Amino acid sequence: MCGIIGYAGRSEAVPILLDGLERLEYRGYDSAGVAVVSPENELQVVKTKGRLSVLREHLAEQDPLKGQIGIGHTRWATHGEPNDTNAHPHVGADGKIAVVHNGIIENYLEIRASLERKGIHFASETDTEVIAQLMEYYYRKLGNLMNAVYAVLGRIQGAYAMGILCRDVPGQMIAARKDAPLLIGYGEDGNYIASDVTALLAHTRTVTYMEDGEVAVLTADSVQIYDRERAPIDREKHTVDWDVSAAEKGGYAHFMLKEIMEQGEAVRKTVSPRLQDGRIVLPELAESAEFLKGIRKINIVACGSAYHVGMVGKYVLEKLLRIPVDAYLASEFRYSEPLLGEDTLVIVISQSGETLDSMAALREAKKGGSKVLSIVNVMGSSIARESDIVLYTWAGPEIAVATTKAYTTQMVLLIMLGIYMADVNGRVAADEYAALVNGITELPEKIESLLGDVDICQKAASHYFNRNSVFFIGRNLDYALGLEGSLKLKEISYIHSESYAAGELKHGTISLIEPGTLVVALATYAPLLEKTRSNIVEVRSRGADVIVVATEETAPAVRDQATELLIIPSTHPLLQPVLGVMPLQIFAYYVALNRGCDIDKPRNLAKSVTVE
Ligand code: AGP
């Protein structure tokens, strides 16, 4: 969704802003723009609909915008269509103040009407222009920029992360945040603001996460943060351990392929610090043994692929803990009057840690008296900060919109949590515990060996890339896996796809199967192999082409029914989905490649979904 970068320093701002915006491109956007204060204290704004390349062309057509302080924005339209006028930055009627903004101002219509009654003319349809116009109005009235900023923050309702420039205070950039991420970066040649740490990695890894209600004033040499009452505050600085190469393609054609290939290492980084002498060690839970013993119910809440991890978790944690475990879509959970309380643990899963629906579900859970444990990839993100307990996946930055390594690491970590809780509650036998830990220990190598040979998946993709519809079927953990396989395929290739519990076919879906229908059958979960095999026979006998994903152990039983057979290494049945997802990711990737799709930035999608 929208992205913000801002710079106050000693170098030219435009190249830094463009580089930052390029690194935010993956979030999804439809227009982009920059504002820079010139050495002559002019406020210069260039903005346009379309990709950054169009903005670059516009900037090249003009004299390069000179200036060492500036703000930039990529916009994902919410209020008003994507066009040049609605693009950010927005400037007030006096041309003095420019604003970039992420989030939604809920009472913008009411403020706009009141400003229009005062004769102020609006150029765009956006909620953000209201901020710029209102700020100029207060600036005119109060004669002081910070007074105007606080006056605006007192009037607007909703969510915002914003960067502000004023030509009358040319060396200062102001930032403000509420319910939308914004961080400050401390560089050698100046200071930065950004909505996402990846925009800063080329310049600095020393950052501060702004909190709700805070305002910051940045110059080339200083940063001062203020609280809601305008009292100066000191905030801890963090060192981000991601480096800039982690957010670059490194020779791969797409981030998605790079991130698929990084899964062995991402899982290794996530699990190895948590395995010691054959035991799972979760220091984050060291003080929580009594609480863990009192849990009677678990609700896993997430969106999209993270929800699919939750579905795997439902099956695995229920088997291990023998208490009810449910997986909910966050957008449904928050409005479903969920049954909560002290003995219910809510687990929120999110790569970005900023997904609005997941965040709202988290708050609902806390309101209902439940503790929230989150599994998050982005350090310091909103979900991480509001949770009672956080387990970080150490997947590194994930840039492709279609998640791969974050999904896999979330799943491994959730399963580790389940084993840990089962152990605390005396629910897992010593030999089963050892088998699971051994399986987890071996996962990174098995992933690397699986990903070392992707030819068969690639070949299958080149046979079937022109199908209009694909069905995924599987039982139990394979059903949960199919949900993710189907999403992966449809989101990047735009092929219609559905996923069904294989036993459910005969209750309706099987009427869709006709000669030539493509079915991807997941037969990796050994305990239900015979049942799944019967379902494969059902679709095969109705003429479907069936790609079967099986393990070294299950393959012999299904080989005769497969049009194509994709074999993955065997592991403990509860860990099998970690390996099972990989052929599905690779298949989706090569299908999309064959269809010429924009793999890293699929149409209409954004990496982190910060609107409802
Ligand atoms: C999947 O490939 C998508 N990118 C999407 O479903 C994603 O998993 C979902 O939006 C949740 O995002 P989060 O993990 O950042 O909360």
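Reader: Which helices supply at least two residues each to the shell around the ligand?

Author: Keep in mind that this is a predicted model. Here, α9 (304-321) and α16 (477-493) each give at least two residues to that shell.

Reader: And which residues come nearest to the ligand?

Author: The shell has 14 residues, and S350, Q351, T355, V401 and E491 are the ones that come nearest.

Reader: How many nonpolar, polar and charged residues does the shell have?

Author: Sorted by class, there are 5 nonpolar, 7 polar and 2 charged residues around the ligand.

Reader: What share of the ligand's accessible area does the protein cover?

Author: On its own the ligand has 410 Å² of accessible area, and the protein covers 90% of that.

Reader: Let's move on to the sheets. How do strands of a sheet pair?

Author: They pair through backbone hydrogen bonds, either parallel or antiparallel. Take an open sheet of 5 strands in this model: the order is β19-β18-β20-β21-β22, and the pairing is parallel.

Reader: Which strands are at the edges of that sheet?

Author: Those are β19 (325-329) and β22 (389-392), since each pairs on one side only. On average, neighbouring strands of this sheet are turned by 20° against each other, ignoring direction.

Reader: Over how many bridges do β18 and β20 pair?

Author: Strand β18 (residues 297-302) runs parallel to strand β20 (residues 344-350), and the two pair over 5 bridges. To find one of these on the model, pick I300: its bridge partner in β20 is I347.

Reader: What is the strand order in the open sheet that holds β25 and β26?

Author: The order is β24-β23-β25-β26-β27, which makes 5 strands with parallel pairing. At its edges you'll find β24 (496-501) and β27 (564-568), each pairing on one side only. Here too, neighbours are turned by 20° against each other on average, with direction ignored.

Reader: And which residue of β26 is the bridge partner of V519?

Author: That would be V546. The strands involved, β25 (residues 518-523) and β26 (residues 545-551), pair in the parallel sense over 6 bridges.

Reader: Now the backbone. Is the peptide bond from H88 to P89 cis or trans?

Author: The bond is cis, with omega near 5°. You'll find P89 in the loop between β4 (69-75) and β5 (90-91).

Reader: What about phi of R230, positive or negative?

Author: Positive: phi is near 75°, and R230 is a residue other than glycine. Look for R230 in the loop that links β13 (223-226) and β14 (232-233).

Key. Residues are numbered from 1 along each chain as its sequence is written. This is a predicted model: local features need pLDDT of at least 70, side-chain atom pairs count only at pLDDT 80 or more; totals for chains, interfaces and linings use all residues. Side-chain values use heavy atoms; hydrogens and water are left out. A residue is near a molecule or strand if one of its heavy atoms lies within 4 Å of it. Accessible areas come from the Shrake-Rupley method with a 1.4 Å probe; for residues, only the protein chains shown count as cover. Helices (H or I, at least four residues) and strands (E, at least two) are DSSP runs, numbered from the N terminus. Ala, Val, Leu, Ile, Met, Phe, Trp, Tyr, Cys and Pro count as nonpolar, Asp, Glu, Lys and Arg as charged, and the others, Gly among them, as polar. Two strands pair if DSSP finds at least two bridges between them. Axes are lines fitted to C-alpha atoms, for helices over the stretch in contact, and angles run from 0 to 180 degrees between N-to-C directions.
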